Amino acid sequence: MRNAQQTRVIGHRGAAGEAPENTLASFRLAADQGADMVELDVHLSADGKLIVCHDETLDRTSDQTGAIRDLTEYAIRNADAGNWFSSDFSGERIPLLEEVYEALPDSMEINVEVKDAAGSALDPVLLGFLREDGRLERTIVSSFDHKLLVRLKQAEPKLRIGLLYAADLIDHAGYAAGLNVEVYSLHPFHELIGARDTSDAVTSGLAVYPYTANRPEQWQRLLELGVSGIITDYPGELRNYLIQKEG
Ligand code: G3P
Ligand code: MG
């Protein structure tokens, strides 16, 4: 049993270093490798479905093209999302968000990164989804769009929100406090957080989950800072690293 002091392993897009990102194969691999949480990215399709994909278009990570916001679930689900990575994964589909929740054990947390910057159409769809089946309790919603996060938090006070940023902030915890809603976690680019920033954040009751660190020397620096968890493409390797360091 891991205790609260131990660093959480957060699988980026599942286990994106070893499986096609944001597919069920990738999320299941992260779970099998001992991740505590997975991070994923969501967009809204033309017919209002929550689609798990990093880019705005299907082009890079499937055999189809086009913008998710212009495509229906049917068209998106027709795409092969595994073969571009390796023929071992051919037949993988671009998942709906609900499939990821169904595929993972209830004990696993899910960090939903909202990518859709097209407006507020996604808000009621996402909140409606998260309010069902106890999903709110296992979810952190993060975004680079902090206005969107504040809006979601005001609409659903039980939602945990995490601030994503790649800025060299003078006062990380102070910035979060200035939003005037309760922030659960900070998700800075890993190179842009230091020891003072982390200790201020943890003292303020914030979790600190830097992204995306893939190498042992990066993990070592973050452990020394006392971060709460690390977002990585290699959750299995990070788990093994932490077992050696933390037991
Ligand atoms: O949530 C952490 C990380 O995923 C943010 O950047 O571009 O990989 O979605 P990106
Ligand atoms: Mg992401």
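The model shown is predicted.

**Figure 1. Overall fold of the protein chain.** The protein chain has nine helices and nine strands. Its radius of gyration is 17 Å, close to the 18 Å that the globule rule gives for 247 residues, so the chain is as compact as a globular protein of that length. The C-alpha trace spans about 50 × 40 × 35 Å along its principal axes. Of the 247 residues, 44% count as buried. Among contacts with a separation of 6 or more, 55% come from residues 24 or more positions apart.

**Figure 2**

**Figure 3. Helix H1 and its cover.** H1 runs over residues 24-32 and is mostly covered, with seven of its nine residues buried. The buried ones are Leu24, Ala25, Ser26, Phe27, Leu29, Ala30 and Ala31. What covers them? The cover includes two strands, S1 (8-12) and S2 (37-44). Helices H3 (97-103) and H9 (235-246) also take part. After H1 comes Gly34, with a positive phi near 95°.

**Figure 4. Helix H9, end to end.** H9 is among the elements that cover the buried residues of H1. At 1.5 Å a residue, its 12 residues should span 16 Å. The C-alpha atoms at its ends are 15 Å apart, which agrees. Gly247 follows H9, and its phi is positive, near 85°.

**Figure 5. Strands S5 and S6.** S5 (residues 139-143) pairs with S6 in the parallel sense, over four bridges. Val141 stands opposite Ile161 in S6. Five of the six residues of S6 (residues 160-165) are buried, so this strand is largely enclosed by the rest of the structure.

**Figure 6. Asp80 in its loop.** Asp80 lies in the loop between helix H2 (73-77) and H3. Is Asp80 buried or partly exposed? A residue counts as buried if 20 or more other C-beta atoms lie within 10 Å of its own, and as exposed if 12 or fewer do. Asp80 has 17 within 10 Å, so it is partly exposed. Beyond its neighbours within four places in sequence, Asp80 is in contact with Ser62, Asp63, Ser90, Gly91 and Glu92. Leu29 is 51 residues from Asp80 in sequence and 18 Å from it in space, C-alpha to C-alpha.

Figure 7. Most residues other than glycine have a negative phi. Arg13 is not a glycine, yet its phi is positive, about 55°. This residue sits in the loop between S1 and H1. Arg13 counts as buried because it has 26 C-beta neighbours inside 10 Å. Asp133 also has a positive phi, of about 55°, although it is not a glycine. Its loop lies between helix H4 (122-130) and S5. With 13 C-beta neighbours inside 10 Å, Asp133 counts as partly exposed.

Key
Residues numbered from 1 in each chain as written. Chains lettered and ligands numbered in written order. Predicted model: local features only at pLDDT ≥ 70, side-chain atom pairs only at ≥ 80, totals over all residues. Contact = placed C-beta atoms within 7 Å. Expected span 1.5 Å × (residues − 1). Rg over C-alpha atoms; globule rule 2.2 N^0.38 Å. Pairing = 2+ DSSP bridges.
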